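Subject: A structure for you to look at

Hello,

Here is the structure I promised to pass on to you. Have a look around it first, and then read my notes below.

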Amino acid sequence: MAKLQSLDPHTPMFAQFKEKTGPIVLANTFVVPKERTEAFLTLFRRQAEFMRAQPGFVSLQMHKGTGDSRLLMNVAVWESTEALATAFGSPEFQRMAAEFGDDIVSYPHIFEQIDA
């Protein structure tokens with residue numbers, strides 16, 4: 001399974017799941033070894049297909065770092081934190097998540113839109 005790391009040590013993702021808010025954006029940055037990028041994307045696409053079918057899902061985009069970057073970033077919009085937490089905690093999603101190797105590092109964080 002990928003190693004989960006917190007972008008903000010004061011507010012890890014699992015603590016954020018307790019917030020009752022929405023809509024929300026999940027920004028998840030992955031550090032993926034170059035030789036594993038295609039295998040990672042194949043599995044990610046399966047996960048994305050599953051998530052798209054879940055209640056409360058709005059949209060998803062995957063981005064790749066430019067140049068020789070090993071970073072990939074998933075940006076997903078959900079109607080609520082509760083909807084994301086339910087989908088993330090489902091046994092089917094957890095089985096797929098366990099397929100990522102421990103050489104993958106994931107930095108997920110949940111955001112709310114604010115006025116700029």
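In what order do the five strands form a sheet? The order is β1-β5-β2-β4-β3, and the sheet is open with mixed pairing. Two strands count as paired if DSSP finds at least two bridges between them. Strands β1 and β3 (57–64) stand at the edges with a single partner strand each, so one side of each has no neighbour in the sheet.

Before going further, please keep in mind that this is a predicted model, in which local features need pLDDT of at least 70 and side-chain atom pairs count only at pLDDT 80 or more, while totals for chains, interfaces and linings use all residues. Residues are numbered from 1 along each chain as its sequence is written, and side-chain values use heavy atoms, with hydrogens and water left out.

The whole chain

The protein chain has four helices and five strands. Helices (H or I, at least four residues) and strands (E, at least two) are DSSP runs, numbered from the N terminus. Starting at that end, the elements follow the pattern β-α-β-α-β-β-α-α-β. Along its principal axes, the C-alpha trace spans about 40 × 35 × 25 Å. Of the 116 residues, 41% are buried, where buried means under 20% relative accessible area with a 1.4 Å probe, protein chains only.

More about the sheet

Strands of a sheet pair through backbone hydrogen bonds, either parallel or antiparallel. Both kinds involve β5 (residues 105–111) here: β1 (residues 3–4) runs parallel to β5 and is joined to it by two bridges, whereas β2 (residues 24–31) runs antiparallel to β5, with seven bridges. You can find Lys 3 with its bridge partner Val 105 in β5, and Phe 30 opposite Ser 106 in β5. Strand β5 is mostly covered, with five of its seven residues buried. Further along, β3 and β4 are antiparallel and share seven bridges; Lys 64 has Leu 72 in β4 as its bridge partner.

Helices and the core

Helix α2 lies across β2, β3 and β4, and runs at about 170° to β3 (axes are lines fitted to C-alpha atoms, for helices over the stretch in contact, and angles run from 0 to 180 degrees between N-to-C directions). In helix α3 (residues 81–89), the buried residues are Thr 81, Ala 83, Leu 84, Ala 87 and Phe 88. Seen down the axis of α3, they fall within an arc of 160°, so they line one face of the helix; the arc is that of the directions from the helix axis to the C-beta atoms.

The largest nonpolar core has 29 residues, and Phe 40, Met 51, Trp 78, Leu 84 and Ile 110 touch the most other members. Such a core is a set of buried Ala, Val, Leu, Ile, Met, Phe, Trp, Tyr and Cys residues joined through side-chain atoms within 4.5 Å. Its largest share, seven residues, comes from α2. Leaving aside neighbours within four places in sequence, Met 51 is in contact (heavy atoms within 4.5 Å) with Phe 57, Trp 78, Ala 87, Phe 88 and Phe 93.

Pro 23 sits in the loop between α1 and β2, and a cis peptide bond joins Gly 22 to Pro 23, with omega about -5°.

Enjoy exploring!

Terms used
Buried means under 20% relative accessible area, exposed over 50%, partly exposed in between (1.4 Å probe, protein chains only).
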